[in-house]
Amino acid sequence: MSTRPPEAAAADGALPAERHIALAERHSAHNYRPLPVVIAEGEGAWVTDVAGRRYLDGLAGYSATNFGHRNPELLAAAHAQLERITLTSRAFHHDRFAPFVTALAGLVGKDRVLPVNTGAEAVETGIKVARKWGYEVKGVPEGRAVIVVAAGNFHGRTTTIVSFSTDPEAYRGFGPPTPGFRVVPYGDAEALAAAIDADTVAVLLEPVQGEAGVIVPPPDYLPRVRDLCTRHNVLFVADEVQSGLGRTGTVRACEHSGVDADVYLFGKALGGGILPVAAAVADAEVLDVIRPGQHGSTFGGNALACAVGTAVVKLLREGPYLDRVRALAPLLRARVEELVGRGAVAARSIGLWAGVDVDPALAGGRELCERLLERGVLVKETHGSTVRFSPPLVVTEEELDWALDQFAAVLAELRARR
Ligand code: PLP
């Protein structure tokens, strides 16, 4: 028997999974309920647990590891930067900043980038920019700005952002809510039109609602949103934190609708799964409402983040990822649609991103995920019995097929036990 204290063994990971889980349960806040797997390593689309068992990663860190675990080009950029400097703060210029903002602005086709860390911070940036633009440019009376948002949204966890969530789990107990938001049904352009008035400064939407279950709006929705925003002098703020940077086969999911938003919010994959990197991207006439001292973050735009973010932009421009997603998307679509009537009641997909609504009478989302885990596929329910599948974009056709075989087999098992 080992005589080492559990803290020492926990620190270097040399514990069996059950001990890790018990210690985490005892010493961490219970704000997550992870599946019972303790991951120790990752490579490409696969992760390995502490017992050496491999799993196909069907979540990809909610799209933060779009380019695969330990992507060699991203690791090289990070390693090289670790040898130089990691953080200066924005009090000084550093030599990784200009290349990053130039590359990201160019990729998105806008003038300016405001780098922050997490997705929620990017959304907060979008809200602040929209309000300030509303007061200074549109001429809305101070304190009256309204941002129209969609039911079913997920934009993060800050107190302001959960104020306009429609999920009681997200907002209940965290009030009082921040005022200034109006919620309309997602995908309903008429309702949006009715909600816009003289005090409306922005419409904030996910082009595809990820956490709601990969909800793809009707094809004419985003063009109509764009048109309404233009006609009423309202900013269209697209939260591409989960939908952007390759997940749907494009840099921006808005591209599928031929639409250009006024402000884009990116996060997750921008940090290559290595560190949090997020940004708001817009033209000068919008982003220039923020002046020195009015918004920022100690870590936003740090040298390591910029080095990795620049490498991410390079991968999106030169790498095979967007083409791969487009090539594999029809297979994923066909395979999830096949599940409907075989245990699933509905399935949606765009690019390498699918939401499958399993018949709740068969199993809850948690049980589905546990059964898939047993078969070597890691996924997570979004809510209820809806499972999201969003593997790293390096997944192969065979791996994708195999993962969907496991999904079909789990549904067959569940139907057999009825
Ligand atoms: N926006 C969208 C669309 C998201 O999906 C998420 C996270 O899932 C966020 C914002 C918040 O990002 P973060 O968790 O990095 O704060």
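Predicted model: local features only at pLDDT ≥ 70, side-chain atom pairs only at ≥ 80, totals over all residues.
Between domain 1 and domain 2, the count is 1 salt bridge. The partners are Arg388 and Glu211. Their closest N and O atoms lie 2.6 Å apart.

Across the whole structure, a search finds 28 salt bridges. What does the pair of Arg388 and Glu211 tie together? Arg388 sits in strand β15, while Glu211 sits in the loop between β7 (200–205) and α10 (221–231), so the pair links parts that are 177 residues apart in sequence.

Now step back to the domains. The domain assignment of the protein chain gives domain 1 as 33–63 + 321–417. Domain 2 covers 72–318. The C-alpha centres of the two domains are 27 Å apart. Domain 1 brings 23 residues to the contact, and domain 2 brings 22 residues.

How much area is buried between domain 1 and domain 2? The value is about 1900 Å². Carbon and sulfur atoms give 61% of that area. On the side of domain 1, the residues that lose the most area to domain 2 are Leu322, Ile350 and Trp353. Together these three make up 36% of what that side buries.

Polar contacts also cross the boundary. There are 9 residue pairs in polar contact between domain 1 and domain 2, counting pairs with both residues at pLDDT 80 or more. Which elements of domain 1 supply at least two residues each to the side that touches domain 2? The helices are α3 (60–63) and α13 (321–339). The strands are β11 (344–350), β12 (353–358), β14 (380–383) and β15 (386–389). The largest share of this side, 4 residues, comes from α13. By class, the side of domain 1 that touches domain 2 has 12 nonpolar, 8 polar and 3 charged residues.

Strand β1 (residues 39–43) runs antiparallel to β2, with 4 bridges joining them. Within this pairing, Glu43 has Trp46 in β2 as its bridge partner. The hairpin of β1 and β2 has 2 residues between the strands. In that hairpin, Gly44 takes a positive phi near 65°.

Strand β2 (residues 46–49) also pairs with β3 (residues 54–57). The sense is antiparallel again, and 3 bridges join them. Thr48 has Arg54 in β3 as its bridge partner. β2 and β3 form a hairpin too, with 4 residues between them. In its turn, Gly52 has a positive phi of about 90°.

Where does β3 go from there? β3 pairs with strand β13 (residues 377–378). This pairing is parallel and spans 2 bridges. Leu56 stands opposite Val377 in β13.

Notes:
Residues numbered from 1 in each chain as written. Heavy atoms only, no water. Domains from an automatic or database assignment. Contact = heavy atoms within 4.5 Å. Buried area = accessible area lost by both parts, 1.4 Å probe. Salt bridge = Lys/Arg side-chain N within 4 Å of Asp/Glu carboxyl O. Polar contact = N/O pair within 3.5 Å; in protein donor to acceptor, adjacent residues only side chain to side chain. Nonpolar A, V, L, I, M, F, W, Y, C, P; charged D, E, K, R; others polar. Pairing = 2+ DSSP bridges.
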